[in-house]
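Subject: Structure handover

Hello,

Here is the structure for you to look through. My notes follow below it.

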Amino acid sequence: HSKSVSARSAAHRVIVHVDLDCFYAQVEMIRNPELRDKPLGVQQKYIVVTCNYEARKLGVKKLMSVKDAKEKCPQLILVNGEDLTPYREMSYKVTELLGEFCPLVERLGFDENFVDVTEIVEERVNQLQQSGCSRVCVFGHVYNNQAINLHDTTHLRLVVGSQIAGEFREAIYARLGLTGCAGVASNKLLSKLVSGTFKPNQQTVLLPESCQDLIRSLDRIQKVPGIGYKTTKRLETLGVRNMCDLQAFPSAMLEKELGVSIAKRIQKLSYGEDDSPVTPSGPPQSFSDEDSFKKCSSEVEVKKKIQELLPNLLDRIYKDGRQPHTVRLTIRQFSPADKWFNRESRQCPIPPHLIQKFGKESTNIISPLVDILMKLFRKMIDVDLPFHLTLLSVCFSNLKDLPSSKKGSIGFYLKQMSPPSGSGK
């Protein structure tokens with residue numbers, strides 16, 4: 001009982017864990033919409049690293065060998081996922097989008113993010129109380145179907161957190177075309193553990209009274225984030241196989257075996273306690289945007305599409321405050337003879353005189369950038385022959401801080417003071 005009380009005392013935080021569904025496969029289906037309703041696997045070496053839900057229904061599983069997957073599902077389409085660039089870029093777009101809602105976003109791999117929404121929840125709860133409105137509905141599932149008591153402030157805050165998580169997922173789908181799951185709880189550990197309860201494209205809120213049920217439902221210790229393979233093996237030799245075993249194991253013996261700090265940490269985890277804060281990750285390594293379409297088959301159309309992609313990208317770079325030094329153009333070409341798609345990219349350094357213009361008024365930089373991108377385009381496509389494109393992507397990378405934006409310099413403070421232009425936000 002004392003453990004559950006101490007778990008409740010940490011319950012002032014509201015943390016959302018966002019986990020994208022079969023991420024690499026989703027990115028491939030966005031890149032090539034022809035794949036959308038077909039069983040699809042993403043291959044690295046001889047392994048299917050992930051697959052879409054169509055493939056899962058036919059028996060394909062994550063991390064299956066390509067040979068076994070093909071035997072299970074002969075019609076499986078495999079895409080080579082060795083180049084992580086498109087996944088990395090989409091991943092940063094998700095983190096960047098979540099950052100528009102809230103500054104406390106922590107990346108966890110390419111397809112997961114923690115968001116600390118405590119402050120937004122506080123504001124909304126205050127608004128509800130001021131307006132005298134107590135009618136607020138949970139968004140998604142409640143773990144264990146537990147009854148909600150809106151007079152309990154912890155319950156109310158988590159319910160408001162579920163609404164915010166729903167807004168995150170709706171924005172990610174509307175803006176990026178990706179679906180994902182979310183878990184809402186009072187700490188990072190619990191939000192991650194609960195987020196996969198209902199899949200795909202669903203979300204679950206965990207109320208404190210159900211915390212122990214969730215923890216005890218874990219049949220293997222290794223399912224707890226933060227308890228690694230080696231520690232699990234050592235615990236197994238002590239006869240500790242699941243969370244109930246770990247909770248019941250004498251602290252003194254655990255400290256003797258694993259050392260005081262590790263023993264204390266994993267015993268806290270075994271009760272669902274986790275004080276670790278959401279730590280914002282570093283800034284993105286590139287900014288990209290793309291447009292896919294049925295057909296683009298003239299130079300004029302290509303130029304128009306590039307011109308349409310640039311303003312939003314330049315605005316994002318302006319807000320970031322760093323200058324890119326490399327630009328890349330990617331195309332996807334359809335070959336009617338082979339009935340297949342081929343992606344190709346070319347990149348080049350951005351001329352120094354143009355680099356200086358990033359972060360300033362962006363309209364006079366668009367025309368020279370279009371010229372550079374059209375030169376890259378002509379290196380890939382012979383414009384005198386017929387061509388059929390279904391995607392164009394522009395990416396700025398190799399981002400570096402502005403020379404003047406060192407903290408302590410006058411330029412830095414002027415930049416901090418100047419209002420962002422044309423952001424509309």
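Arginine 316 forms a salt bridge with glutamate 96, and their closest N and O atoms are 3.2 Å apart. A salt bridge here means a side-chain nitrogen of Lys or Arg within 4 Å of a carboxyl oxygen of Asp or Glu. The rule finds two salt bridges across the interface of domain 1 and domain 3.

A word on the source. This is a predicted model: local features need pLDDT of at least 70, side-chain atom pairs count only at pLDDT 80 or more, and totals for chains, interfaces and linings use all residues. Residues are numbered from 1 along each chain as its sequence is written, and side-chain values use heavy atoms, leaving out hydrogens and water.

Now the domains. The assignment, which is automatic or from a database, gives domain 1 (11-212), domain 2 (218-271) and domain 3 (286-400). The centres of domain 1 and domain 3, taken over C-alpha atoms, are 30 Å apart. Eleven residues from domain 1 and 14 residues from domain 3 make the contact (heavy atoms within 4.5 Å).

How much area is buried between domain 1 and domain 3? About 1000 Å², with 43% from carbon and sulfur atoms. Buried area is the accessible area (1.4 Å probe) that two parts lose on being put together, summed over both. In domain 1, Arg31, Glu89 and Lys93 lose the most area to domain 3. Together they give 50% of what that side buries.

Best wishes
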